[in-house]
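Morning, everyone. Let me put the model up, and then we'll walk through a few spots.

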Amino acid sequence: MSEQNHKRKMEYRIHLKNFVETEPADMQKGIPAPPIEKSYPEGAKLIDLVNPKDFKIGENVKLVEAINNRQSRRFFTGEAISLEELSFLLWCTQGIKKILPNGVNSFRTVPSGGALHPFETYIAIFQVIGIEPGVYRYLPIEHKLLPIIQNKPDLIPIIKNLLHGQNLVNKAAVVYIWAARPARTEWKYGRDSLKDILLSAGHICQNLYLACEAIPAGTCAIVAYDQDGMDEFLGINGYDEISLYTAPVGKVRSDADKLEKKFRKVHDLFQNKKYNDCLIPLNEIVRYMPDNGEAWIFLGYCHLYLGQKEKAREVFEKALIIDPTDINCMYNLSCVLAALGNAEESIRWLKKAIEGNARYKDYAKDDEDFKNIRDSEEFKQLFN
Ligand SMILES: Cc1cc2nc3c(=O)[nH]c(=O)nc-3n(C[C@H](O)[C@H](O)[C@H](O)COP(=O)(O)O)c2cc1C
(Lines give C-alpha, C1' and ligand atoms only; values in the text may rest on other atoms or scores of the structure.)
Protein backbone atom coordinates (compact mmCIF):
# COMPACT_ATOMS: atom_id res chain seq x y z
CA MET A 1 0.00 0.00 0.00
CA SER A 2 1.36 3.40 -0.91
CA GLU A 3 2.16 5.86 1.88
CA GLN A 4 -0.67 8.09 0.64
CA ASN A 5 -3.25 5.29 0.67
CA HIS A 6 -2.10 4.17 4.08
CA LYS A 7 -2.45 7.71 5.39
CA ARG A 8 -5.96 7.99 3.93
CA LYS A 9 -7.00 4.68 5.48
CA MET A 10 -5.77 5.87 8.86
CA GLU A 11 -7.58 9.20 8.70
CA TYR A 12 -10.08 8.11 11.32
CA ARG A 13 -7.19 8.25 13.82
CA ILE A 14 -7.66 12.00 13.80
CA HIS A 15 -9.96 11.41 16.76
CA LEU A 16 -6.88 10.60 18.86
CA LYS A 17 -5.31 13.96 18.08
CA ASN A 18 -5.86 17.40 19.47
CA PHE A 19 -7.62 19.65 17.01
CA VAL A 20 -6.24 23.09 16.45
CA GLU A 21 -9.59 24.75 17.07
CA THR A 22 -9.90 28.05 15.27
CA GLU A 23 -13.61 28.77 15.88
CA PRO A 24 -14.28 30.51 19.21
CA ALA A 25 -16.15 28.22 21.58
CA ASP A 26 -19.48 29.26 23.17
CA MET A 27 -17.69 30.29 26.36
CA GLN A 28 -15.63 32.84 24.43
CA LYS A 29 -18.77 34.10 22.75
CA GLY A 30 -20.38 34.71 26.16
CA ILE A 31 -23.08 32.07 25.64
CA PRO A 32 -24.21 30.55 28.98
CA ALA A 33 -22.94 27.03 29.77
CA PRO A 34 -25.33 24.05 29.62
CA PRO A 35 -26.52 22.77 33.03
CA ILE A 36 -24.16 20.36 34.82
CA GLU A 37 -27.02 17.95 35.49
CA LYS A 38 -29.85 17.05 33.13
CA SER A 39 -33.17 18.42 34.37
CA TYR A 40 -36.02 16.23 35.62
CA PRO A 41 -39.75 16.79 36.14
CA GLU A 42 -40.66 18.99 39.07
CA GLY A 43 -42.11 16.98 41.91
CA ALA A 44 -40.49 13.71 40.69
CA LYS A 45 -40.23 11.19 43.50
CA LEU A 46 -36.50 10.84 44.17
CA ILE A 47 -34.85 7.99 46.03
CA ASP A 48 -32.52 8.82 48.89
CA LEU A 49 -29.05 7.35 48.94
CA VAL A 50 -26.72 6.93 51.91
CA ASN A 51 -24.83 10.15 52.62
CA PRO A 52 -21.07 9.85 51.88
CA LYS A 53 -20.34 11.07 55.44
CA ASP A 54 -22.09 7.94 56.76
CA PHE A 55 -20.26 5.37 54.62
CA LYS A 56 -18.98 2.52 56.77
CA ILE A 57 -17.83 0.39 53.86
CA GLY A 58 -14.58 0.57 51.95
CA GLU A 59 -12.53 1.25 55.09
CA ASN A 60 -10.84 -2.13 55.39
CA VAL A 61 -9.24 -2.38 51.97
CA LYS A 62 -5.95 -0.57 51.39
CA LEU A 63 -5.65 1.40 48.17
CA VAL A 64 -2.56 -0.56 47.16
CA GLU A 65 -4.50 -3.83 47.60
CA ALA A 66 -7.45 -2.51 45.58
CA ILE A 67 -5.09 -1.48 42.76
CA ASN A 68 -3.21 -4.76 42.86
CA ASN A 69 -6.37 -6.92 42.96
CA ARG A 70 -8.26 -4.98 40.31
CA GLN A 71 -9.25 -7.08 37.38
CA SER A 72 -12.24 -7.44 35.09
CA ARG A 73 -14.72 -9.73 36.80
CA ARG A 74 -17.36 -11.53 34.78
CA PHE A 75 -18.72 -14.23 37.08
CA PHE A 76 -21.20 -12.98 39.64
CA THR A 77 -23.28 -14.76 42.28
CA GLY A 78 -26.61 -13.05 41.61
CA GLU A 79 -26.69 -11.71 45.20
CA ALA A 80 -28.05 -8.26 45.96
CA ILE A 81 -25.88 -5.33 46.97
CA SER A 82 -26.93 -3.00 49.77
CA LEU A 83 -28.17 0.57 49.39
CA GLU A 84 -24.97 1.74 51.07
CA GLU A 85 -22.85 -0.19 48.57
CA LEU A 86 -24.77 1.31 45.65
CA SER A 87 -24.50 4.80 47.17
CA PHE A 88 -20.76 4.31 47.62
CA LEU A 89 -20.26 3.16 44.01
CA LEU A 90 -22.26 6.09 42.63
CA TRP A 91 -20.41 8.60 44.77
CA CYS A 92 -17.01 7.10 43.85
CA THR A 93 -17.79 7.47 40.14
CA GLN A 94 -19.54 10.87 39.91
CA GLY A 95 -19.99 12.20 43.47
CA ILE A 96 -19.73 15.99 43.76
CA LYS A 97 -17.54 17.52 46.47
CA LYS A 98 -17.86 21.15 45.44
CA ILE A 99 -19.55 23.32 42.81
CA LEU A 100 -17.96 26.68 42.00
CA PRO A 101 -20.20 29.76 42.44
CA ASN A 102 -20.42 30.02 38.61
CA GLY A 103 -22.52 26.81 38.73
CA VAL A 104 -20.52 25.41 35.80
CA ASN A 105 -17.43 23.78 37.25
CA SER A 106 -17.83 20.94 39.72
CA PHE A 107 -15.17 19.06 41.61
CA ARG A 108 -15.92 15.41 41.92
CA THR A 109 -14.34 12.10 42.95
CA VAL A 110 -13.03 11.83 39.35
CA PRO A 111 -11.21 14.35 37.16
CA SER A 112 -12.67 15.86 33.98
CA GLY A 113 -11.26 18.37 31.49
CA GLY A 114 -12.20 21.92 32.54
CA ALA A 115 -14.11 20.41 35.54
CA LEU A 116 -17.05 20.19 33.12
CA HIS A 117 -18.08 16.53 33.69
CA PRO A 118 -20.05 15.78 30.52
CA PHE A 119 -21.74 12.58 31.76
CA GLU A 120 -25.05 11.33 33.02
CA THR A 121 -25.08 8.03 34.94
CA TYR A 122 -27.91 5.61 34.27
CA ILE A 123 -28.09 2.55 36.45
CA ALA A 124 -30.14 -0.55 35.70
CA ILE A 125 -30.96 -2.03 39.07
CA PHE A 126 -31.65 -5.77 39.23
CA GLN A 127 -30.83 -6.55 42.87
CA VAL A 128 -30.34 -3.75 45.38
CA ILE A 129 -31.83 -4.18 48.83
CA GLY A 130 -34.66 -1.69 49.30
CA ILE A 131 -34.89 -0.45 45.68
CA GLU A 132 -37.39 -1.67 43.10
CA PRO A 133 -35.73 -3.11 39.98
CA GLY A 134 -35.74 -0.63 37.11
CA VAL A 135 -33.58 1.97 35.41
CA TYR A 136 -32.64 5.08 37.37
CA ARG A 137 -30.54 8.18 36.76
CA TYR A 138 -28.06 9.31 39.37
CA LEU A 139 -28.47 12.97 40.32
CA PRO A 140 -25.01 13.93 41.56
CA ILE A 141 -26.04 17.38 42.84
CA GLU A 142 -28.75 15.91 45.07
CA HIS A 143 -26.94 12.55 45.55
CA LYS A 144 -30.27 10.83 44.85
CA LEU A 145 -31.77 8.52 42.24
CA LEU A 146 -34.42 9.51 39.71
CA PRO A 147 -36.61 6.60 38.49
CA ILE A 148 -36.58 6.43 34.66
CA ILE A 149 -38.00 3.02 33.70
CA GLN A 150 -40.05 0.90 36.11
CA ASN A 151 -42.20 -2.24 36.05
CA LYS A 152 -40.18 -4.00 33.34
CA PRO A 153 -40.19 -7.68 34.33
CA ASP A 154 -37.86 -8.59 31.45
CA LEU A 155 -35.24 -5.95 32.31
CA ILE A 156 -32.34 -8.43 32.60
CA PRO A 157 -32.81 -10.03 29.13
CA ILE A 158 -33.34 -6.56 27.62
CA ILE A 159 -30.06 -5.25 29.02
CA LYS A 160 -28.24 -8.50 28.20
CA ASN A 161 -29.44 -8.23 24.64
CA LEU A 162 -28.29 -4.59 24.46
CA LEU A 163 -24.86 -5.80 25.63
CA HIS A 164 -24.76 -8.28 22.72
CA GLY A 165 -25.74 -11.24 24.90
CA GLN A 166 -22.74 -10.94 27.23
CA ASN A 167 -23.44 -13.41 29.97
CA LEU A 168 -22.17 -11.44 32.94
CA VAL A 169 -25.41 -9.40 32.88
CA ASN A 170 -27.47 -12.41 34.06
CA LYS A 171 -26.19 -12.43 37.62
CA ALA A 172 -25.18 -8.78 38.01
CA ALA A 173 -26.73 -6.69 40.77
CA VAL A 174 -26.66 -3.48 38.71
CA VAL A 175 -25.46 -2.31 35.30
CA TYR A 176 -23.95 1.14 34.87
CA ILE A 177 -24.58 2.93 31.60
CA TRP A 178 -22.78 6.24 31.18
CA ALA A 179 -24.03 8.67 28.57
CA ALA A 180 -22.12 11.72 27.33
CA ARG A 181 -23.67 15.17 26.92
CA PRO A 182 -20.91 16.63 24.70
CA ALA A 183 -22.24 20.21 24.83
CA ARG A 184 -20.94 20.63 28.39
CA THR A 185 -17.34 20.17 27.26
CA GLU A 186 -17.84 21.77 23.84
CA TRP A 187 -18.96 24.96 25.59
CA LYS A 188 -15.30 25.55 26.46
CA TYR A 189 -13.27 23.34 24.12
CA GLY A 190 -15.35 23.24 20.92
CA ARG A 191 -14.35 20.41 18.62
CA ASP A 192 -11.36 19.54 20.82
CA SER A 193 -13.87 17.99 23.20
CA LEU A 194 -14.09 14.48 21.79
CA LYS A 195 -10.76 13.29 23.15
CA ASP A 196 -11.39 15.03 26.44
CA ILE A 197 -14.77 13.28 26.91
CA LEU A 198 -13.43 9.82 26.14
CA LEU A 199 -10.46 10.20 28.47
CA SER A 200 -12.74 11.46 31.25
CA ALA A 201 -14.94 8.36 30.86
CA GLY A 202 -11.90 6.16 31.52
CA HIS A 203 -11.33 7.84 34.86
CA ILE A 204 -14.90 7.16 35.94
CA CYS A 205 -14.75 3.48 35.13
CA GLN A 206 -11.35 3.06 36.79
CA ASN A 207 -12.82 4.49 40.00
CA LEU A 208 -15.65 2.00 39.68
CA TYR A 209 -13.16 -0.88 39.38
CA LEU A 210 -11.30 0.25 42.51
CA ALA A 211 -14.45 1.05 44.50
CA CYS A 212 -15.77 -2.42 43.67
CA GLU A 213 -12.59 -4.02 45.05
CA ALA A 214 -13.15 -2.10 48.28
CA ILE A 215 -16.74 -3.34 48.90
CA PRO A 216 -15.93 -6.13 47.77
CA ALA A 217 -17.66 -6.66 44.45
CA GLY A 218 -16.53 -6.86 40.84
CA THR A 219 -17.09 -5.12 37.55
CA CYS A 220 -16.06 -5.29 33.91
CA ALA A 221 -15.87 -2.34 31.51
CA ILE A 222 -18.02 -3.00 28.45
CA VAL A 223 -17.96 -1.13 25.17
CA ALA A 224 -19.57 -3.89 23.10
CA TYR A 225 -23.20 -2.77 23.19
CA ASP A 226 -25.92 -1.90 20.71
CA GLN A 227 -25.51 1.88 20.23
CA ASP A 228 -28.89 2.76 18.69
CA GLY A 229 -30.77 0.23 20.82
CA MET A 230 -29.22 1.56 24.03
CA ASP A 231 -29.92 5.21 23.17
CA GLU A 232 -33.50 4.36 22.29
CA PHE A 233 -33.94 2.31 25.47
CA LEU A 234 -32.69 5.18 27.64
CA GLY A 235 -34.86 7.67 25.76
CA ILE A 236 -31.89 9.78 24.61
CA ASN A 237 -31.47 11.05 21.07
CA GLY A 238 -27.92 9.82 20.32
CA TYR A 239 -26.43 13.23 19.46
CA ASP A 240 -27.19 15.65 22.32
CA GLU A 241 -26.79 12.70 24.64
CA ILE A 242 -25.01 9.52 23.60
CA SER A 243 -24.60 6.26 25.53
CA LEU A 244 -20.88 5.64 25.75
CA TYR A 245 -19.74 3.03 28.23
CA THR A 246 -21.30 0.36 30.40
CA ALA A 247 -20.24 -1.76 33.37
CA PRO A 248 -22.17 -4.56 35.08
CA VAL A 249 -21.40 -4.87 38.81
CA GLY A 250 -22.01 -7.84 41.08
CA LYS A 251 -20.80 -9.91 43.98
CA VAL A 252 -18.04 -12.15 42.67
CA ARG A 253 -18.27 -15.96 42.69
CA SER A 254 -15.59 -17.70 44.73
CA ASP A 255 -14.63 -19.78 41.66
CA ALA A 256 -14.57 -16.75 39.31
CA ASP A 257 -10.80 -16.79 38.72
CA LYS A 258 -10.90 -20.47 37.76
CA LEU A 259 -13.79 -19.84 35.38
CA GLU A 260 -12.10 -16.77 33.87
CA LYS A 261 -8.97 -18.85 33.19
CA LYS A 262 -10.99 -21.65 31.61
CA PHE A 263 -12.86 -19.22 29.37
CA ARG A 264 -9.62 -17.53 28.32
CA LYS A 265 -8.20 -20.93 27.32
CA VAL A 266 -11.30 -21.72 25.25
CA HIS A 267 -11.14 -18.28 23.56
CA ASP A 268 -7.49 -18.91 22.61
CA LEU A 269 -8.21 -22.39 21.26
CA PHE A 270 -11.24 -21.10 19.33
CA GLN A 271 -9.28 -18.22 17.84
CA ASN A 272 -6.62 -20.68 16.71
CA LYS A 273 -9.37 -22.80 15.12
CA LYS A 274 -8.65 -25.76 17.47
CA TYR A 275 -12.37 -26.55 17.66
CA ASN A 276 -11.91 -30.18 18.69
CA ASP A 277 -9.77 -29.15 21.68
CA CYS A 278 -12.51 -26.75 22.80
CA LEU A 279 -15.14 -29.48 23.17
CA ILE A 280 -14.04 -30.95 26.53
CA PRO A 281 -13.59 -27.63 28.39
CA LEU A 282 -16.80 -26.21 26.88
CA ASN A 283 -18.84 -29.27 27.85
CA GLU A 284 -17.44 -28.95 31.37
CA ILE A 285 -18.45 -25.27 31.48
CA VAL A 286 -22.03 -25.82 30.27
CA ARG A 287 -22.49 -28.73 32.70
CA TYR A 288 -21.23 -26.56 35.56
CA MET A 289 -22.98 -23.35 34.47
CA PRO A 290 -25.94 -24.33 32.26
CA ASP A 291 -27.13 -20.72 32.10
CA ASN A 292 -23.97 -19.54 30.35
CA GLY A 293 -25.30 -18.74 26.88
CA GLU A 294 -21.86 -17.67 25.58
CA ALA A 295 -20.40 -21.12 26.33
CA TRP A 296 -23.32 -22.81 24.54
CA ILE A 297 -22.76 -20.60 21.50
CA PHE A 298 -19.04 -21.42 21.40
CA LEU A 299 -19.88 -25.12 21.76
CA GLY A 300 -22.46 -24.96 18.97
CA TYR A 301 -20.00 -23.21 16.67
CA CYS A 302 -17.22 -25.73 17.42
CA HIS A 303 -19.56 -28.52 16.29
CA LEU A 304 -20.63 -26.51 13.24
CA TYR A 305 -17.02 -25.82 12.18
CA LEU A 306 -16.16 -29.47 12.75
CA GLY A 307 -18.90 -30.32 10.25
CA GLN A 308 -21.18 -31.77 12.98
CA LYS A 309 -24.25 -29.76 11.99
CA GLU A 310 -26.87 -31.93 13.74
CA LYS A 311 -24.85 -31.77 16.95
CA ALA A 312 -24.63 -27.98 16.61
CA ARG A 313 -28.41 -27.79 16.20
CA GLU A 314 -28.87 -29.93 19.34
CA VAL A 315 -26.59 -27.60 21.32
CA PHE A 316 -28.46 -24.42 20.36
CA GLU A 317 -31.84 -26.05 20.97
CA LYS A 318 -30.69 -27.14 24.43
CA ALA A 319 -29.39 -23.63 25.18
CA LEU A 320 -32.77 -22.17 24.21
CA ILE A 321 -34.62 -24.56 26.52
CA ILE A 322 -32.43 -23.30 29.38
CA ASP A 323 -32.76 -19.63 28.40
CA PRO A 324 -35.61 -19.03 25.94
CA THR A 325 -34.82 -15.28 25.93
CA ASP A 326 -31.32 -15.63 24.48
CA ILE A 327 -31.67 -13.84 21.13
CA ASN A 328 -28.06 -14.58 20.19
CA CYS A 329 -28.81 -18.30 20.47
CA MET A 330 -31.96 -17.89 18.35
CA TYR A 331 -29.90 -16.28 15.61
CA ASN A 332 -27.21 -18.94 15.79
CA LEU A 333 -29.78 -21.76 15.71
CA SER A 334 -31.22 -20.16 12.62
CA CYS A 335 -27.72 -20.13 11.04
CA VAL A 336 -27.23 -23.84 11.75
CA LEU A 337 -30.67 -24.71 10.39
CA ALA A 338 -29.77 -22.78 7.22
CA ALA A 339 -26.55 -24.78 6.96
CA LEU A 340 -28.69 -27.94 7.28
CA GLY A 341 -30.86 -26.65 4.41
CA ASN A 342 -33.97 -26.37 6.63
CA ALA A 343 -35.15 -23.03 5.28
CA GLU A 344 -38.54 -23.01 6.98
CA GLU A 345 -37.22 -23.57 10.52
CA SER A 346 -34.22 -21.34 9.92
CA ILE A 347 -36.43 -18.43 8.88
CA ARG A 348 -38.80 -19.04 11.82
CA TRP A 349 -35.89 -18.62 14.27
CA LEU A 350 -34.40 -15.73 12.32
CA LYS A 351 -37.74 -13.91 12.53
CA LYS A 352 -37.82 -14.46 16.29
CA ALA A 353 -34.27 -13.09 16.62
CA ILE A 354 -35.17 -10.04 14.49
CA GLU A 355 -38.30 -9.48 16.60
CA GLY A 356 -36.03 -9.40 19.65
CA ASN A 357 -33.50 -7.09 18.02
CA ALA A 358 -33.66 -5.59 14.55
CA ARG A 359 -29.86 -5.61 14.20
CA TYR A 360 -30.03 -9.37 13.38
CA LYS A 361 -31.66 -8.40 10.09
CA ASP A 362 -28.50 -6.47 9.17
CA TYR A 363 -26.31 -9.38 10.26
CA ALA A 364 -28.33 -11.90 8.25
CA LYS A 365 -28.13 -9.82 5.07
CA ASP A 366 -24.47 -10.69 4.49
CA ASP A 367 -23.96 -13.68 6.77
CA GLU A 368 -22.27 -16.53 4.88
CA ASP A 369 -24.13 -18.99 7.12
CA PHE A 370 -27.32 -18.32 5.16
CA LYS A 371 -25.82 -19.10 1.75
CA ASN A 372 -27.91 -22.31 1.42
CA ILE A 373 -31.22 -20.47 1.76
CA ARG A 374 -30.35 -16.98 0.55
CA ASP A 375 -32.16 -17.48 -2.76
CA SER A 376 -35.39 -18.78 -1.22
CA GLU A 377 -38.41 -16.47 -1.52
CA GLU A 378 -39.08 -16.54 2.25
CA PHE A 379 -35.54 -15.36 3.00
CA LYS A 380 -35.70 -12.60 0.38
CA GLN A 381 -39.08 -11.46 1.77
CA LEU A 382 -37.45 -10.69 5.13
CA PHE A 383 -35.54 -7.85 3.46
CA ASN A 384 -38.35 -6.38 1.34
C1 LIG B 1 -12.63 0.43 26.93
C2 LIG B 1 -12.80 -0.99 27.34
C3 LIG B 1 -13.76 -1.79 26.73
C4 LIG B 1 -13.98 -3.12 27.14
N5 LIG B 1 -15.00 -3.85 26.58
C6 LIG B 1 -15.21 -5.12 27.02
C7 LIG B 1 -16.32 -5.88 26.54
O8 LIG B 1 -17.12 -5.41 25.74
N9 LIG B 1 -16.47 -7.16 27.00
C10 LIG B 1 -15.63 -7.71 27.93
O11 LIG B 1 -15.85 -8.85 28.32
N12 LIG B 1 -14.59 -7.01 28.40
C13 LIG B 1 -14.36 -5.74 28.00
N14 LIG B 1 -13.33 -5.01 28.52
C15 LIG B 1 -12.45 -5.60 29.55
C16 LIG B 1 -11.12 -6.01 28.93
O17 LIG B 1 -11.32 -7.20 28.19
C18 LIG B 1 -10.11 -6.24 30.07
O19 LIG B 1 -9.82 -5.00 30.68
C20 LIG B 1 -8.83 -6.85 29.54
O21 LIG B 1 -9.03 -8.17 29.09
C22 LIG B 1 -7.74 -6.88 30.61
O23 LIG B 1 -8.15 -7.61 31.72
P24 LIG B 1 -8.22 -6.97 33.19
O25 LIG B 1 -9.17 -5.82 33.17
O26 LIG B 1 -8.70 -8.09 34.08
O27 LIG B 1 -6.84 -6.51 33.54
C28 LIG B 1 -13.13 -3.68 28.15
C29 LIG B 1 -12.16 -2.88 28.75
C30 LIG B 1 -12.01 -1.54 28.39
C31 LIG B 1 -11.01 -0.68 29.10
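Is lysine 9 buried or exposed? Lysine 9 counts as exposed, because 10 C-beta neighbours fall inside 10 Å. The cut-offs: buried means 20 or more other C-beta atoms within 10 Å of the residue's own, exposed means 12 or fewer, partly exposed is in between, and C-beta atoms are placed from the backbone.

Before I go on, some ground rules. This is a predicted model, where local features need pLDDT of at least 70, side-chain atom pairs count only at pLDDT 80 or more, and totals for chains, interfaces and linings use all residues. Residues are numbered from 1 along each chain as its sequence is written.

Lysine 9 sits in helix 1, residues 3-9. Helices are DSSP runs of H or I, at least four residues, and strands are runs of E, at least two, both numbered from the N terminus.

Now helix packing. Two packed helices are described by the angle between their axes and the distance between the axes. Axes here are lines fitted to C-alpha atoms, for helices over the stretch in contact, and angles run from 0 to 180 degrees between N-to-C directions.

Take helix 13 (residues 327-339) and helix 14 (residues 343-356): the angle is about 155°, and the axes are 8 Å apart. So helix 13 is roughly antiparallel to helix 14. Among the contact residues are Ile327, Met330 and Leu337 of helix 13, and Trp349, Leu350 and Ala353 of helix 14. Contact means C-beta atoms, placed from the backbone, within 7 Å. By class, that contact has nine nonpolar, three polar and two charged residues. Nonpolar covers Ala, Val, Leu, Ile, Met, Phe, Trp, Tyr, Cys and Pro; charged covers Asp, Glu, Lys and Arg; the others, Gly among them, are polar.

Next pair. Helix 9 (residues 256-271) packs on helix 10 (residues 275-288) at about 150°, axes 10 Å apart. That makes helix 9 roughly antiparallel to helix 10. The crossing is left-handed. Lys262, Lys265, Val266, Leu269 and Phe270 of helix 9 meet Asp277, Cys278, Pro281, Leu282 and Ile285 of helix 10. The classes there: seven nonpolar, no polar, three charged.

Most residues other than glycine have a negative phi, and most peptide bonds are trans. Histidine 117 has phi near 40°. Histidine 117 lies between strand 3 (106-108) and strand 4 (119-125), in the loop. Histidine 117 is buried, since 24 other C-beta atoms lie within 10 Å. Histidine 143 has phi near 50°, in the loop between strand 5 (134-139) and strand 6 (144-150).

Last stop: lysine 361, in helix 15 (residues 359-366). Lysine 361 is partly exposed, with 14 other C-beta atoms within 10 Å. Lysine 361 touches Ile354 and Leu382, leaving out residues up to four places away in sequence.

How values were computed:
Angles under 35 degrees count as roughly parallel, over 145 as roughly antiparallel, 65 to 115 as roughly perpendicular and the rest as oblique. Two residues are in contact if their C-beta atoms, placed from the backbone, lie within 7 Å. A crossing is left-handed if the near helix is turned anticlockwise from the far one by less than a right angle, and right-handed if clockwise.
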